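This report describes one protein model for a reader who is new to structural analysis. Please keep the sequence and the three-dimensional view at hand while reading.

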Amino acid sequence: IDLELRLYQGLCLVAAGLALFVVIPVNAFQTLPAIISIGCFVFGLVALLLYWAAQRGHYYPKTFFLALLITLDVGWYPNAGSHGSIPYYFMAAVLYPLVFFRGVTRWGLVALALGDAMVLLWLERWFPELVTPFQSDWDRMLDLTTGLLISAVAAVLMLWVVFTGYARERRRLRETVSALDRNRTLLSSLIDSTDDM
């Protein structure tokens, strides 16, 4: 399987595991609105279903991306808004289309993620009641720590596939140049031997 498809499978599985077995349990230690845990649970199930489909050869990277944005908007942004870990998650959401898409789709989805983040900031500015503030400094520290770790894991996975792909292409280019040099040498020796006849 292509490296990007393997990464997509792994990312779906990691996202499901983190949402269901890290974020939701950590949320239990905080005083958060129920919508946040419900949103994380639904996203975890969607990611698990997308992983299951990918194991059977069906890849839906746009669905994963849209599920991530919807979860961030509806299920996570109410958790303290811009004062919480949401900026970390949006960095991973912007990086995702850079790795998994090409051409106009890539830049359209990057613009969508950035535009979505900007709209949320403006909504928070004009409707501050949409955001539930942290109940304590402990809640904020826990939220920021979890968000930083999860988004760092996602970013490292995506950057790993980029650097691995780059290294693979360089190796392939070196092998092609080497083969061309061998063929040129062989052709030159053939031409030289025909001149002698």
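## Overall dimensions

The protein has a radius of gyration of 23 Å, whereas a compact globule of 197 residues would have one near 16 Å. This radius is taken over C-alpha atoms, and the globule rule is 2.2 Å times the number of residues to the power 0.38. Along its principal axes, the C-alpha trace spans about 90 × 35 × 30 Å.

The model is predicted: local features need pLDDT of at least 70, side-chain atom pairs count only at pLDDT 80 or more, and totals for chains, interfaces and linings use all residues. Residues are numbered from 1 along each chain as its sequence is written, and side-chain values use heavy atoms, with hydrogens and water left out.

## Secondary structure and contacts

The protein contains six helices and zero strands, giving the pattern α-α-α-α-α-α along the sequence. Helices (H or I, at least four residues) and strands (E, at least two) are DSSP runs, numbered from the N terminus.

A contact means heavy atoms within 4.5 Å. Among contacts in the protein between residues at least 6 apart in sequence, 78% join residues at least 24 apart.

## Surface and burial

Accessible areas come from the Shrake-Rupley method with a 1.4 Å probe; for residues, only the protein chains shown count as cover. Of the 197 residues, 37% count as buried. Buried means under 20% relative accessible area, exposed over 50%, and partly exposed in between (1.4 Å probe, protein chains only).

## A nonpolar patch

L13, I35, I38, F41, V42, L45, L48, L66, I70, V74 and L112 make a nonpolar surface patch of about 920 Å². The largest share, six residues, comes from α2. Patch residues have over 30% relative accessible area and no salt bridge, and nonpolar side chains (Val, Leu, Ile, Met, Phe, Trp, Tyr) are joined within 5 Å. A salt bridge is a side-chain nitrogen of Lys or Arg within 4 Å of a carboxyl oxygen of Asp or Glu.

I35 lies in helix α2. I35 counts as partly exposed because its relative accessibility is 38%.

## The loop residue T132

T132 is placed in the loop between α5 (103-126) and α6 (137-196). Its relative accessibility is 25%, so T132 counts as partly exposed. Leaving aside residues up to four places away in sequence, T132 touches P33, P78, N79 and A80. The C-alpha atoms of T132 and R174 are separated by 55 Å, and these residues are 42 residues apart along the chain.

Methods
Patch = residues over 30% accessible without salt bridge, like charges linked within 9 Å, V, L, I, M, F, W, Y side chains within 5 Å.
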